[in-house]
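Hi,

Here is the structure I promised to pass along. Have a look at it first, and then read on for what turned up.

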Amino acid sequence: SESYSPRYADIMVDAKTGDVLHESAPDGLRHPASLTKIMTLYLLFEKLEAGKVRLDSQMEVSAEAASQAPTKLGLRPGQTLMVEDAIKGLVTKSANDAAVVLAERLADGSEKKFAEKMTAKGKALGLRQTTFRNASGLPDEGHVTTARDLALLSRAVIRDFPQYYPYFSTEAFEFRGMRYPNQNRFLRTYYGGDGLKTGFVNASGNNLAASAIRSGRRLVAVVLGGNSQAWTREHASRLLDVAYARIDPSLVVVKASPGGQPVPAVLVPALPATASFTEPAGSASIAAAPTA
């Protein structure tokens, strides 16, 4: 293991209007880790909508794709991977090999060319400080973004591809005799949470882009640089709760009752818009193997 102390950043926005409800260092450069895969999927969804690929299209697995660092599906060179399986592999297992298979399929066999397309699409969507160097989010010094850009990207996926966004809430993925539960536990712990993505590499700490919808009001939270998955998830939940409390106290709930109905929470006074949230304390020891 190695020690790290990545810089914390967050932002909370209204998904429809883009209004910023809270922010902390939202424009500081950070490594996105596997939040990168939101853009990989955005470009795929464009191709699906245009009819250039189909959900049942088969894609060839190259030696380069198969050689990616974990986490991955364990694909072997010469195998094929169906597009829909690749989508589910990215959103549940955060499979780096599947991300490269998609990149090569959509950019004439070149992940580098695909990364250039990702960066260009980001610019077109208004991502001002984002540069992609790969399709997975595995470590690369020049692979950078900001909390604000990731919130904008998350909103774009939700807005532009409502027919495909539900993939981000896939509970589990059955593939070649294996079952992969979704690594994004936010989906199971936050009432109304229905996507998007977790990420981790040593240089980034624990990242989360999360969206929730309550009574038709959708919010997006991005938390970067958490010192554990649990802390990052709980922090995003806290940000969402505070934002919902400001909008309408009745939208703040605790876990559902045994009957399945949400139970209103006892609210603390709503924090002011400039409230500061506790950042991860000090450095932490974490596994050196990136999951992206």
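Which residues of H5 are buried? Keep in mind that this is a predicted model. In H5 the buried ones are Glu 111, Phe 114, Ala 115, Met 118, Thr 119, Gly 122 and Leu 125. They sit on the same side of H5, because the arc they cover around the axis is only 145 degrees. The exposed residues Lys 112 and Ala 124 are on the face of H5 turned away from that buried side. As for partners, the buried residues of H5 pack against helix H1 (37–49), helix H4 (96–106) and helix H6 (147–160).

The length of H5 works out too: its 15 residues (111–125) should span 21 Å at 1.5 Å a residue, and the end C-alpha atoms are 21 Å apart, which agrees. Just after H5 comes Gly 126, with a positive phi of about 100 degrees.

Now the overall picture. The protein has eight helices and 13 strands, and 53% of its 292 residues are buried. Of the contacts with a separation of 6 or more, 65% are between residues 24 or more positions apart. The accessible surface is about 12700 Å², and carbon and sulfur atoms account for 50% of that.

On to the cores. The largest nonpolar core has 61 residues, and the members that touch the most others are Met 39, Leu 41, Leu 44, Phe 45, Leu 81, Phe 168 and Val 222. H1 contributes the most to this core, with eight residues. Apart from it there is another core, of 18 residues, with Ala 210, Val 223, Ala 245 and Val 252 among them. As background, nonpolar side chains tend to be buried together in soluble globular proteins.

Leu 41 is in helix H1 and is buried, with a relative accessible area of 1%. Setting aside residues up to four places away in sequence, Leu 41 touches Ile 87, Leu 90, Val 91, Leu 102 and Phe 168. Leu 41 and Tyr 164 are 123 residues apart in sequence, yet their C-alpha atoms are 9.4 Å apart in space.

Thr 40 is in helix H1 as well. Is Thr 40 buried or exposed? Its relative accessible area is 0%, and since buried means under 20%, Thr 40 counts as buried. Leaving aside neighbours within four places in sequence, Thr 40 is in contact with Leu 90, Ala 99, Leu 102, Phe 114, Met 118 and Ala 135.

Next, the rings. A search of the whole structure gives ten aromatic pairs. In one of them, the ring centres of Tyr 42 and Phe 161 are 4.9 Å apart and the planes are at 75 degrees, so the pair is edge-to-face. Tyr 42 is in helix H1 and Phe 161 in the loop between H6 and strand E6 (172–175), so the pair ties together parts that are 119 residues apart in sequence. Both Tyr 42 and Phe 161 are buried. They also belong to one aromatic cluster, formed by Tyr 42, Phe 45, Phe 161, Tyr 164, Tyr 165 and Phe 168.

H8 is another helix to look at. Its 19 residues (229–247) should span 27 Å at 1.5 Å a residue, and the end C-alpha atoms are 27 Å apart, which agrees. The buried residues of H8 include Thr 232, Arg 233, His 235, Leu 239 and Tyr 244. What do the buried residues of H8 pack against? The answer is strand E2 (9–14), strand E3 (20–24), helix H7 (186–189), strand E9 (205–214) and strand E10 (217–226).

Finally, some backbone details for your checks:

- The peptide bond from Pro 70 to Thr 71 is cis, with omega near 10 degrees; Thr 71 is in the loop between helix H2 (63–66) and strand E5 (80–82).
- The peptide bond from Gly 195 to Leu 196 is also cis, with omega near 20 degrees, and Leu 196 is in strand E8 (residues 193–201).
- Asp 108 is not a glycine but has a positive phi of about 55 degrees; this residue is in the loop between H4 and H5 and is exposed, with a relative accessible area of 72%.
- Arg 176, not a glycine either, has a positive phi of about 50 degrees and lies in the loop between E6 and strand E7 (178–181).

Cheers

Notes
Residues are numbered from 1 along each chain as its sequence is written. This is a predicted model: local features need pLDDT of at least 70, side-chain atom pairs count only at pLDDT 80 or more; totals for chains, interfaces and linings use all residues. Side-chain values use heavy atoms; hydrogens and water are left out. Helices (H or I, at least four residues) and strands (E, at least two) are DSSP runs, numbered from the N terminus. The expected span of a helix is 1.5 Å times one less than its number of residues. Buried means under 20% relative accessible area, exposed over 50%, partly exposed in between (1.4 Å probe, protein chains only). The arc is that of the directions from the helix axis to the C-beta atoms. Contact means heavy atoms within 4.5 Å. Accessible areas come from the Shrake-Rupley method with a 1.4 Å probe; for residues, only the protein chains shown count as cover. A nonpolar core is a set of buried Ala, Val, Leu, Ile, Met, Phe, Trp, Tyr and Cys residues joined through side-chain atoms within 4.5 Å. Rings of Phe, Tyr and Trp (its six-membered ring) pair if their centres lie within 6.5 Å; planes under 30 degrees apart count as stacked, over 60 as edge-to-face and the rest as tilted.
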